[in-house]
Amino acid sequence: MLPRFPNSLARDPRHAQIGAVGSLVLAGTLWYGFEMPWWRPVTALIAALATQWLACRLIRLPFDWRSPAITALSLTLLLRTTGWELTALAAALAVASKFVLRVRGRHIWNPATLAIAVVTGLFAGAWISPGQWGTGGLVAVFAAGAGLAVTLRSGRAAVPFLFLGAWAALTFARAWWLGDPLAVPVHQLGSGALLVFAFFMVSDPMTQPWHPGARAIWVVLTACVGFWLQTSWIVTAGPIWGLALTAPLVPVLDRILPAPRKRWVEPPPEPKGAAA
């Protein structure tokens, strides 16, 4: 007989996300040679969990390890630093932003995205490494499969596909305009880092507009801004900067197109025959 897991473990998509992102970190460290020393994910996890614990103590909330663990592991996938200090700073900044930068009861930026943008923008010893995933099919399939499992569990499966579709359309349109051969845009789209961003950052359900229409507008706009930055300004990891710049529009879209709020764990349905 298969083991039965607690209902809270089965219902909360963060558990699947931790498993997926953690598997990517482990695969990148052990098999794909990402130049990821052991201290980088360990430092990020310690700093993120410590910041979450301290913030919860200060505002008297129960400590929850899951969100900071996801943030720390997501940081580890793309952020590179010359020493543990900047890794710890990025993880602490990411978690702290969730408690400080809030509008109408929700944090505005995806924590990992904001921390990567700030730390790489301020310190020469930190940089984004989008090319580490290469164009290998195995890595891309692994990233997409793990990410798909997460987004399906969190009810936002369309978001990464919409982003990837918009990015692909822009890539092919630019290649056509420049007269590039078909192999050029195909090569540009074969990036594992692009899949990681689509499935683990822009798909974060807590930093998206609640309304499906507003969410679609925001995702496409994020792709357009990121693509423009990457191609016109030669910005490394344009999607991350695009997401950082369009995140403040989410509260505006929520006000224009209101919808019910999303929670990580929805309450269990009432049993049939329960009193009204």
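Analyst: Two packed helices are described by the angle between their axes and the distance between the axes. In this predicted model, helix α5 (residues 84-100) and helix α6 (residues 111-122) have axes that come within 8 Å and cross at roughly 130 degrees.

User: Which residues of α5 and α6 meet?

Analyst: From α5 come Leu86, Ala90, Leu93, Ala94, Ser97 and Lys98, and they meet Pro111, Ala112, Leu114, Ala115, Val118 and Val119 of α6. By class, this contact has 10 nonpolar residues, 1 polar and 1 charged.

User: How do helix α11 and helix α12 pack?

Analyst: Helix α11 (residues 212-232) packs with helix α12 (residues 238-246) at an angle of about 130 degrees, and their axes are 7 Å apart. The two are therefore oblique to each other, and the crossing of α11 and α12 is right-handed. On the α11 side, the contact is made by Trp218, Leu221, Thr222, Val225, Gly226, Leu229 and Gln230. On the α12 side are Gly238, Pro239, Trp241, Gly242, Leu243, Leu245 and Thr246.

User: How do the residues of the contact of α11 with α12 divide?

Analyst: They divide into 8 nonpolar and 6 polar, with no charged residues. Gly counts as polar here, and Gly226, Gly238 and Gly242 are among the residues of this contact.

Conventions
Residues numbered from 1 in each chain as written. Predicted model: local features only at pLDDT ≥ 70, side-chain atom pairs only at ≥ 80, totals over all residues. Heavy atoms only, no water. Axes fitted to C-alpha atoms, helices over the stretch in contact; angles between N-to-C directions. Helix = DSSP H or I, 4+ residues; strand = E, 2+ residues; numbered from the N terminus. Parallel < 35°, antiparallel > 145°, perpendicular 65-115°, else oblique. Left-handed = near helix turned anticlockwise from the far one by under 90°. Contact = heavy atoms within 4.5 Å.
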